[in-house]
Amino acid sequence: MKHHLTFSAICIALLCNVTSYAGDKGFTPLFDGKTLDGWVQQGGKAKYEIVGDTIVGTSVPKTSNSFLCTKKKYGDFELEVDFKVDPLLNSGIQIRSNVFDEDKVIKIKDAKGKETKKKIPAGRVHGYQVEIDPSKRAWSGGIYDEARRGWLNNLADNKAAQKAFKQNEWNHYRIVCKGDSIKTWINGVPAADLKDGLTPEGFIALQVHGVGNDPKKIGKQVSWRNIKIKELK
């Protein structure tokens with residue numbers, strides 16, 4: 001009987017491993033768990049470091065929004081990542097984002113379809129951001145257009161997604177970009193569903209929001225782990 005139970009346990013363990021492998025099929029880690037190879041910091045001077053198996057961002061005073069960016073750009077993809085954020089710190093994950101070496105004027109359309117021009121300063125990270133919002137508003141998973149048009153798909157009418165966020169705990173994002181479609185899930189709950197084709201390709205970035213000189217927010221942290229991507233054909 002003892003041998004039978006042991007054999008059964010081994011079979012279950014093997015089955016779990018197969019299931020896990022199948023779920024990760026086609027994904028590539030963006031963080032090797034040891035170094036920040038493949039990443040570069042843009043924007044502000046927030047501190048990024050590796051602690052265990054996580055990337056930890058720490059807010060610092062008197063600096064702008066900071067971004068740890070992949071050196072590689074991605075177009076159509078599925079991204080999965082776990083994150084945990086201090087309740088006082090706003091953050092986000094940039095997707096299909098870019099930065100210019102020189103000031104540049106771009107053409108954008110507002111909510112009514114009217115075309116306008118927008119100046120993007122050199123060094124300013126801009127593009128789609130999947131919000132990390134631990135405030136009472138709870139719009140984590142909504143899509144904000146950093147440095148361009150502002151909110152594109154907030155979660156004001158998505159109570160299920162608002163309730164899915166777990167304060168002071170690890171949360172999970174699934175983000176799928178394909179053509180002009182951008183969809184997000186928070187802890188398995190559908191969040192944003194956006195159609196927008198302004199930017200078809202760009203880098204992934206981890207944001208630490210600027211906190212000015214607010215003593216309550218200086219030194220607060222946001223952490224990311226299990227960052228993996230699958231490029232879609």
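A nonpolar core is here a set of buried Ala, Val, Leu, Ile, Met, Phe, Trp, Tyr and Cys residues joined through side-chain atoms within 4.5 Å. In the predicted model, the largest such core holds 41 residues, of which Leu 79, Ile 93, Ile 95, Tyr 173, Ile 204, Trp 224 and Ile 227 touch the most other members. Strand E6, spanning residues 77-85, gives the most to this core, with five residues. A second, separate core consists of five residues, including Cys 69, Val 125, Phe 203 and Ala 205. In soluble globular proteins, nonpolar side chains tend to be buried together.

The surroundings of Ile 93 illustrate the packing. When residues up to four places away in sequence are not counted, Ile 93 touches Leu 79, Val 81, Tyr 128, Gln 129, Val 130, Ile 132, Tyr 173, Ile 204, Ala 205, Leu 206 and Trp 224. Among these contacts of Ile 93, Leu 79, Tyr 173, Ile 204 and Trp 224 are also listed with Ile 93 as residues that touch the most other members of the largest core. Ala 205, also in contact with Ile 93, is a member of the second core.

For the protein chain as a whole, the secondary structure comprises two helices and 17 strands. Of its 233 residues, 43% are buried. Among contacts with a separation of 6 or more, 67% involve residues 24 or more positions apart. The accessible surface of the chain is about 12,600 Å², and carbon and sulfur atoms account for 53% of this area.

Seven of the strands form an open sheet in the order E2-E5-E16-E7-E10-E11-E12, with antiparallel pairing. Strand E2 (39-43) and strand E12 stand at the edges with a single partner strand each, so one side of each is left without a neighbour in the sheet. On average, neighbouring strands of this sheet are turned by 30° against each other, direction ignored. Within the sheet, strand E5 (residues 66-70) runs antiparallel to E16 and is joined to E16 by four bridges. Ser 66 has Val 208 of E16 as its bridge partner.

Salt bridges were examined next. Side chains of opposite charge can pair when their charged atoms come close. The whole structure contains 13 salt bridges. One of them connects Glu 131 with Arg 137, with the closest N and O atoms 3.7 Å apart. Glu 131 has a relative accessibility of 4% and therefore counts as buried, whereas Arg 137, at 34%, counts as partly exposed.

A network of salt bridges links Asp 145, Arg 148, Arg 149 and Asp 196. Asp 145 is buried, with a relative accessible area of 0%, while Arg 149 is partly exposed at 23% relative accessibility. Arg 149 also forms a salt bridge with Asp 196, at 2.9 Å from N to O. Asp 196 lies in the loop between strand E15 (189-195) and strand E16 (203-208), and Arg 149 in the loop between strand E11 (143-146) and strand E12 (150-153), so this pair ties together parts that are 47 residues apart in sequence. With a relative accessible area of 13%, Asp 196 is buried.

Methods. Residues numbered from 1 in each chain as written. Predicted model: local features only at pLDDT ≥ 70, side-chain atom pairs only at ≥ 80, totals over all residues. Heavy atoms only, no water. Buried < 20%, exposed > 50% of the residue type's maximum accessible area, 1.4 Å probe, protein only. Contact = heavy atoms within 4.5 Å. Areas by Shrake-Rupley, 256 points an atom, 1.4 Å probe, with all protein chains shown as cover. Salt bridge = Lys/Arg side-chain N within 4 Å of Asp/Glu carboxyl O. Pairing = 2+ DSSP bridges. Axes fitted to C-alpha atoms, helices over the stretch in contact; angles between N-to-C directions.
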